[in-house]
Amino acid sequence: MNFQRILCVVFSILLFIMCTPGRQNNLLDMLFNDNQDIVKRAITAFHKMGKSAIPLLIDSIDNARPMKIILESPRNSTIEIARPRGFVAAYLIEWILAIDHIDPDDMMKSPYLLGNDLNNYIYSPCIVIDGREALAEDLIVIKKLYQEWWRNNSFKELDELRHEWKQNIRPLSGTAFSWQ
């Protein structure tokens with residue numbers, strides 16, 4: 001019984017540390033790093049945070065500063081494209097909703113940012129509007145759409161959000177924007 005109590009206290013402390021603002025900002029710095037291994041560790045940590053990562057990522061959607069990153073499926077491309085950081089944050093929200101479980105060790109060993117094809121749900125990760133790729137200037141509107149979706153869904157459990165995502169009820173559903 002004492003071991004379980006100690007384990008519970010240790011887990012609570014670790015969860016508190018992960019959720020403190022400084023830790024969250026550090027995770028964002030890691031996510032937007034040039035080192036792929038550091039980015040992978042941040043992605044793994046965001047996925048582990050689950051639902052609590054979503055508002056933090058939403059706050060970053062209006063970040064238009066470019067970063068070089070490969071979010072394509074390994075099957076389709078290994079071309080590194082400069083994308084605004086806000087698109088990466090929005091993509092990770094969708095990724096957290098789409099992917100129930102990840103194998104962090106497998107992901108870290110993979111030459112691809114998100115690991116193998118099982119961890120990739122969108123083969124061409126770009127947001128489109130009116131037949132064109134969304135631009136950095138569109139990030140402000142995209143952020144508002146994610147904020148509105150979160151206001152309407154933040155009370156739901158992650159399992160329910162994931163189930164809805166699989167039923168095509170997603171943050172950009174019913175808007176002029178969509179993931180291609």
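Colleague: What makes the set of 49 residues a nonpolar core, and which residues have the most contacts inside it?

Modeller: In this predicted model, a nonpolar core is a set of buried residues such as Leu, Phe and Trp joined through side-chain atoms within 4.5 Å. The largest such set has 49 residues, and Leu31, Phe46, Leu57 and Trp95 have the most contacts inside it. Helix α5, residues 85-98, gives the most to this core, with 11 residues.

Colleague: Which residues is leucine 57 in contact with, leaving aside its neighbours within four places in sequence?

Modeller: Contact requires heavy atoms within 4.5 Å. On that criterion leucine 57 is in contact with Leu28, Leu31, Phe46, Ala89, Leu92, Ile93 and Ile96.

Colleague: Why is histidine 47 called buried?

Modeller: The relative accessible area of histidine 47 is 8%, and buried means under 20%; histidine 47 is therefore buried. This residue is found in helix α3, residues 36-49. Beyond residues up to four places away in sequence, histidine 47 touches Trp95, Ile96, Ile99, Asp100, His101, Ile102 and Arg162.

Colleague: Why is aspartate 34 called exposed?

Modeller: Exposed means over 50% relative accessible area, and aspartate 34 has 78%, so the term applies. Aspartate 34 lies in the loop between α2 (21-31) and α3. Its C-alpha atom is separated by 7.8 Å from that of methionine 67, although the two residues are 33 residues apart along the chain.

Colleague: How do you know that the buried residues of α7 line one face of the helix?

Modeller: The buried residues of α7 are Leu139, Ile142, Lys143, Tyr146, Trp149, Trp150 and Asn153. Seen down the helix axis, they fall within an arc of 125°, so they line one face. An α-helix has 3.6 residues a turn, so residues three or four places apart point the same way. On the other side of α7, Ile140, Lys144 and Arg151 are exposed.

Colleague: How does the reach of α7 from its first C-alpha to its last compare with the expected value?

Modeller: Helix α7, residues 139-153, has 15 residues and reaches 21 Å, close to the 21 Å expected at 1.5 Å a residue.

Colleague: Why are β4 and β5 said to stand at the edges of their sheet?

Modeller: The open sheet has three strands in the order β4-β3-β5, with antiparallel pairing. Strands β4 (132-133) and β5 (177-179) each have a single partner strand, so one side of each is left without a neighbour in the sheet.

Colleague: What makes β3 and β4 a pair?

Modeller: Pairing requires at least two bridges, and β3 (residues 127-129) and β4 have two, in the antiparallel sense; they therefore count as paired. In this pairing, isoleucine 129 stands opposite arginine 132 in β4.

Colleague: Where does asparagine 168 lie, and what is its phi?

Modeller: Asparagine 168 lies in the loop between α8 (158-166) and β5. Its phi is near 70°, a positive value in a residue other than glycine.

How values were computed:
Residues numbered from 1 in each chain as written. Predicted model: local features only at pLDDT ≥ 70, side-chain atom pairs only at ≥ 80, totals over all residues. Heavy atoms only, no water. Helix = DSSP H or I, 4+ residues; strand = E, 2+ residues; numbered from the N terminus. Expected span 1.5 Å × (residues − 1). Buried < 20%, exposed > 50% of the residue type's maximum accessible area, 1.4 Å probe, protein only. Arc of directions from axis to C-beta.
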